[in-house]
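Visitor: I would like to go through this model with you. Please start with the terms.

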Amino acid sequence: AKSAYIFYSNAVRSTVKDENPNMGFGELAKEIGRRYKLLSAEEMEKYEAEAAVDKKRYKKHVFLL
């Protein structure tokens, strides 16, 4: 299952890359992580909700195997 961080990272990666075209993969990941830590609880809710839905999908899929 994907975490809230993964959903956030997927949502902002292209924007962060466009803002910082000279950053390598590692630097980009650090910047995304830094921004993730700065999210308010309200902003975080969206990504946590997506993660909760994906966790249910994952559990359903695993138990069907």
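Guide: A salt bridge here is a side-chain nitrogen of Lys or Arg within 4 Å of a carboxyl oxygen of Asp or Glu. This is a predicted model, in which local features need pLDDT of at least 70 and side-chain atom pairs count only at pLDDT 80 or more, while totals for chains, interfaces and linings use all residues. Residues are numbered from 1 along each chain as its sequence is written, and side-chain values use heavy atoms, with hydrogens and water left out.

Visitor: How many salt bridges does a search of the whole structure find?

Guide: One joins arginine 35 to glutamate 31, with the closest N and O atoms 2.8 Å apart. Another joins arginine 57 to aspartate 54, at 2.7 Å from N to O. For the whole structure, the search gives a count of four.

Visitor: Is glutamate 31 buried or exposed?

Guide: Buried means under 20% relative accessible area, exposed over 50%, and partly exposed in between (1.4 Å probe, protein chains only). The relative accessible area of glutamate 31 is 13%, so this residue is buried.

Visitor: What separates arginine 34 and glutamate 31 along helix H2?

Guide: Helices are DSSP runs of H or I, at least four residues, numbered from the N terminus. The closest N and O atoms of the arginine 34 and glutamate 31 salt bridge are 2.7 Å apart. The two are three residues apart in helix H2, so their separation is about one helical turn.

Visitor: Which residues are linked with Glu31 in a network of salt bridges?

Guide: Glutamate 31 pairs with arginine 34 and also with arginine 35. Arginine 35 is partly exposed, at 23% relative accessibility. The residues linked with Glu31 in the network are Glu19, Arg34 and Arg35.
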